[in-house]
Amino acid sequence: MEIKHAAAAGTLESSDIMVTVLPETEGIRISLTSSVEQYYGDSIRETMTKVLEELEVKNAHIEAVDHGALDCTIRARLTTAVRRACREEEAL
């Protein structure tokens with residue numbers, strides 16, 4: 001999938017994550033701010049990387065602000081933001 005424009009999904013509420021997807025020219029870049037980064041930062045980045053691989057995203061800048069979101073929420077928010085950034089939601 002090709003990221004065509006910026007898009008976001010999620011909220012800044014407790015137990016949620018705000019994910020913004022931006023176009024990038026070279027590879028994947030993940031910027032994470034998390035209230036639980038010390039404990040789960042690596043796991044959050046790993047989940048995001050897997051989702052991007054599954055969606056076949058090669059170039060993207062991901063900005064995420066996490067407030068203790070579960071893995072399933074991270075996956076859902078990132079998938080939604082990527083689809084919005086690729087304008088796929090219009091085809092659904």
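This is a predicted model: local features need pLDDT of at least 70, side-chain atom pairs count only at pLDDT 80 or more; totals for chains, interfaces and linings use all residues.
**Entry 1: a loop residue**

I began with S15, which sits in the loop between β1 and β2. Helices here are DSSP runs of H or I with at least four residues, strands are runs of E with at least two, and both are numbered from the N terminus. The phi of S15 is near 70°, a positive value for a residue that isn't glycine. I looked up its cover too: S15 counts as partly exposed because its relative accessibility is 47%. For the cut-offs, buried is under 20% relative accessible area, exposed is over 50%, and partly exposed is in between, with a 1.4 Å probe and protein chains only.

Residues are numbered from 1 along each chain as its sequence is written, and side-chain values use heavy atoms, with hydrogens and water left out.

**Entry 2: another positive phi**

Which loop holds E56? I found E56 between α1 and β4. E56 is not a glycine either, yet it has a positive phi of about 60°. With 53% relative accessibility, E56 counts as exposed.

**Entry 3: the overall picture**

I stepped back and read off 2 helices and 4 strands. Along the sequence the pattern goes β-β-β-α-β-α. The C-alpha trace spans about 35 × 25 × 20 Å along its principal axes.

Then I checked the radius of gyration: the protein has 12 Å, and a compact globule of 92 residues would come out near 12 Å, so the two agree. That radius is taken over C-alpha atoms, and the globule rule is 2.2 Å times the number of residues to the power 0.38.

Of the 92 residues, 34% count as buried. Among contacts with a separation of 6 or more, 76% are between residues 24 or more positions apart. Contact means heavy atoms within 4.5 Å.

**Entry 4: the core**

I went for the largest nonpolar core next, which has 23 residues. Such a core is a set of buried Ala, Val, Leu, Ile, Met, Phe, Trp, Tyr and Cys residues joined through side-chain atoms within 4.5 Å. Which members touch the most others? I got I3, V19, V21, M48, I62, L78 and V82. Two or more core residues each come from β1 (7–9), β2 (17–22), α1, β4 (60–66) and α2 (71–85). The largest share is from α2, with 5 residues. In soluble globular proteins, nonpolar side chains tend to be buried together.

I followed L78 a bit further. Skipping residues up to four places away in sequence, L78 touches V19, V21, M48, V51, L52 and I62.

Helix α1 covers residues 37–54, and Q38 is in it. Is Q38 buried or exposed? Q38 is exposed, as its relative accessible area is 72%. I also looked at Q38 and V65, which are 27 residues apart along the chain: their C-alpha atoms are separated by 14 Å.

E37 is in helix α1 as well. At 28% relative accessibility, E37 counts as partly exposed. Beyond its neighbours within four places in sequence, E37 is in contact with L32 and R45.
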